[in-house]
Amino acid sequence: MDDQLKRLETITNRLESFVSQLSSTNTSGQSHMNDDSTNNVDSLPVLRDYDTLINESVKPFCTISQKIGEELTTMSNHVKKIFDAQQQFLRQAVQSTKPNDQKITEVIKPQSNEIEAITNFSSKNRKSPLFNHLSAVSEGIPALGWIVITPTPGPHIKDMTDAAQFYSNRVLKEFREKDPTHVEWVKLWVKVLNDLYTYVRQHHTTGLAWASQGKRDFASVSVSTVKPAAGGPPALPPPPPPMLFDTSSNESGDSSRAELMSSINALSQGATANLKKVPDELKTHKNPQLRQSTENQSTAHGDNTQGKKGITQLVDGKPIVPPKPGKTPPPQVAVKPQTVHTPTATTGGPPKLALEGNKWLVEYQTGKHDLRITETNMRHSIYIYKCTNSTIIVEGKVNSIVLDQCTKVGIQFTSVVSLIEFINCKSMKAQVIERVPTIQIEKTDGCHLYLSNTSLDTEFITSKSSEMSVNIPFGDGEYKEFPIAEQFKTHLQNGKQLVTVPNESSGV
């Protein structure tokens, strides 16, 4: 019996030793496999070329920015952070399938935060002698928003490069003969944007190449295994567990979509340019002819509720009430609806909002208060023609804005290089967010202008116009109104020259 027990103990010890060795072998093998996998992923061309972009373009730019110093030191740190964050994001994206919108919003947050920080930093340092440098970076950095642009992200990068060129040329003009370091700084920043364009054209021609190197779940691709570039910041923490992104309520879904759009707007002013809109001719609430057809059908079936919609139609500021069923409307009532139903005949064409070459055309818009122009640069001009009762928002800096034969149109714009001009308009309102050098008003009745704190040196040129006023900001969000002279008095001074001054009776 003792011999049998000893044999059993020996067999048991051998089995335990074998299991221990097997476990140790699997662990070391798995670790070695993970190391090899990490090295293989990092050697993929799509990631290797982006690493080359950082080492050969971004790093030299940051180095020369540190050399110039002052505000450029902080700005270069932000630039380095956003490129590192995008490198980590790309490493996950190419190995995984495209996640839902909410998860994309979360993972691109570090990049959108850096873009916002760069923009805010530039705006807060307007009095800096390096403001043109800061503006060149803040105008060009939205190029990194290419990750949300489809199907052609390349042109987006080119647009941002062109926007940065305006301030880059100012730097060259100021320092070409003074300090070659600043000239080299401009060349390196342009090289960063051009190399980014080349990289995207080569590896992400029709948009970010999701799952090009694997089809794993996005959250399963560990960020902690990414090898940071030499001298760079530590790797970003891993994304939250998938359960944090699960949602079944409509409110959570709506919130996620709102957050996604907010991040997209921060990454790129023109990210929604490719979204299709329902044309106005198919909208009953925008097309009086379709609305009239619907009302006639409802009246024929004895439905009086549809006829009430006609009250919202206005002619000369008065509501049109549709006739009661069974009664013939008087002749004058039959004429007035035709005034409403033929706006395109009197204005001359269908509604239009489009970019043709370097000119944005906004034509024949009526009752539209959601018109927005976001994809702009300093070579673009905007021409607004025969629009009525509409509101237009222009984002970014453009060359010029002209409003021709418009009525009751409000326009809000960020900045204009040359001027904004009103011609043959009525009851207009305009607000500048940043700066406009000149405002020209010609043959216009009713034009109220709202300036910003940075546009108090604006010049006004007026002719054959009335009811004009300028509102100057003071205090906390309040404005003080100043009328522009309409009536003038001219007299001959010393028999040699004419002198013209505003007439006091005009209330100026």
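Lys 359 lies over the face of Tyr 383, at 5.8 Å from the ring centre. A charge is said to sit over a ring when NZ of Lys or CZ of Arg is within 6 Å of the ring centre and within 35 degrees of the ring normal. Lys 158 does this too: its charged end sits over the ring of Tyr 197, 4.7 Å from the centre.

A quick word on the ground rules: this is a predicted model, where local features need pLDDT of at least 70, side-chain atom pairs count only at pLDDT 80 or more, and totals for chains, interfaces and linings use all residues. Residues are numbered from 1 along each chain as its sequence is written, and side-chain values use heavy atoms, with hydrogens and water left out.

Now for rings meeting rings. Rings of Phe, Tyr and Trp (its six-membered ring) pair if their centres lie within 6.5 Å; planes under 30 degrees apart count as stacked, over 60 as edge-to-face and the rest as tilted. By this rule there are nine aromatic pairs. In one of them, the centres of Tyr 364 and Tyr 385 are 5.8 Å apart with the planes at 75°, so the pair is edge-to-face. It links distant parts of the chain, 21 residues apart: Tyr 364 is in the loop between β4 (359-363) and β5 (371-373), and Tyr 385 is in strand β6 (residues 381-385). Strands (E, at least two residues) are DSSP runs, numbered from the N terminus. Tyr 364 counts as buried at 14% relative accessibility, and Tyr 385 counts as buried at 17%. Buried means under 20% relative accessible area, exposed over 50%, partly exposed in between (1.4 Å probe, protein chains only).

Ring pairs also link Tyr 50, Phe 83, Trp 146 and Tyr 199 into a cluster.

Notes:
Helices (H or I, at least four residues) and strands (E, at least two) are DSSP runs, numbered from the N terminus.
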